[in-house]
Amino acid sequence: MLDQVIKVARDCERCVVLTGAGISAESGVPTFRGKEGLWGKFRPEELATMEAFMANPQIVWEWYNWRRELISEVKPNPGHYAIVEMENIFDHFTLITQNVDDLHRIAGSKNIIELHGNINKNKCLKCSEPFPDDQIISPDVIPACPKCGGQIRPDVVWFGEMLNADTIQKAFDESSKADLFLSIGTSAIVQPAASLPVEAKRSQATLIEINVNNTSLTSIVDFFIAEPSGEFLPKLVEGLKKII
Ligand code: BV8
Ligand code: ZN
């Protein structure tokens, strides 16, 4: 399968990669819906929503700080680094991530579309002013906005919240122009992100899925690679570098 994928990929010019929590699993970041997943103890509706934050700001704030703590101790894995190299292999390369863990940027990826925001960023609930990154935030006291005194919240997209219009538009534009689309480590459940690979397929891209489990996307992909992304991606990049 690797040789077939290399053969197809080498003739492609516009490559788009969509990643989900699975790309960070080998770094030790729990996925959302896996058995050891973040949601194992909670349900998405309980915590990653505006309603949850309004009802229990303290619990939501502490959950995000627990995740920030956890993410601050992990490193990118070979899958992240292979994606960095892909930027130099394809004429046009776009990385779209659903993850908020910042590991792609830390690994060195440049052109990243962060669909759901970034867990290390905060903003004001009231005036949306970004909260300065260098301000120390205590794990259990929610800071007040220096500009208007409003409550600070994590700058991520919660369930039920709209994604940034320009961000999602750019993601769909790139997906519709791709001739190669890799869906990596995502259960392809969360919308509208899960529609991006479908859009690419509709626009005649070759669609490749890399996941340790089948997903709702698997039945429409051209190649399904049932391997951990941290193992398959470095082999793919090594193979492409040899022939390009
Ligand atoms: C919106 C930030 C609309 C917060 C997240 C249709 C259209 C529009 C909306 C909806 C719709 N249908 C339903 C909705 C509502 C909702 C939704 O999609 N719900 C789902 C549960 C059905 N969507 C929304 O609310 C979105 N908003 O569109 O609003 C709207 C319209 C009008 C007016 C107002 C609003 C907002 C969605 C964004 C939510 N925020 N994150 C935070 O992180 O705290 S989503 C969250 O899930 C993460 O970002 C995560 O990345 C994302 C997706 O999950 P995955 O990444 O796929 O992770 P998962 O664990 O599920 O899967 C991991 C995969 O990896 C598995 O398949 C596993 O097998 C695999 N894997 C594991 N290890 C490896 C591996 N693969 C390879 N290698 C390995 N080693
Ligand atoms: Zn404010």
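Helices and strands here are DSSP runs, numbered from the N terminus; that numbering applies to every view below, and the model is a predicted one.

View 1. Ala188 isn't a glycine, yet its phi is positive, at about 55 degrees. Pro192 has its place in the loop between β7 (180-184) and α10 (196-202) too. Gln191 and Pro192 are joined by a cis peptide bond, with omega at about 0 degrees.

**View 2. Backbone polar contacts to ligand 1.** Start with the oxygens: one oxygen atom of ligand 1 lies 2.8 Å from a backbone N or O atom of Ala21. For Gln191, which also takes part in the cis peptide bond, a backbone N or O atom lies 2.8 Å from an oxygen atom of the ligand. On the nitrogen side, a polar backbone atom of Val157 is 2.7 Å from a nitrogen atom of ligand 1. As for cover, the ligand taken alone exposes 1500 Å², and the protein buries 76% of that.

**View 3. Ligand 1 in the largest pocket.** Two elements give two or more residues each to the shell around the ligand: α2 (22-25) and α6 (57-72). In total, 35 residues surround ligand 1, and the closest are Arg33, Tyr64, Gly160, Ser187 and Asn211.

**View 4. What the shell around ligand 1 is made of.** Sorted by type, the shell residues come out as 17 nonpolar, 14 polar and four charged. Sorted by domain, at least three residues come from each of domain 1 (2-28 + 76-116 + 163-243) and domain 2 (30-73 + 121-156).

Definitions and conventions
Residues numbered from 1 in each chain as written. Chains lettered and ligands numbered in written order. Predicted model: local features only at pLDDT ≥ 70, side-chain atom pairs only at ≥ 80, totals over all residues. Heavy atoms only, no water. Near = heavy atom within 4 Å. Polar contact = N/O pair within 3.5 Å; in protein donor to acceptor, adjacent residues only side chain to side chain. Areas by Shrake-Rupley, 256 points an atom, 1.4 Å probe, with all protein chains shown as cover. 1 Å grid on protein atoms, 1.4 Å probe; cavity = no way out; pocket = protein on both sides within 12 Å on 5 of 7 lines; lining within 4 Å. Sits in = over half its atoms within 2 Å of the grid points. Helix = DSSP H or I, 4+ residues; strand = E, 2+ residues; numbered from the N terminus. Nonpolar A, V, L, I, M, F, W, Y, C, P; charged D, E, K, R; others polar. Domains from an automatic or database assignment.
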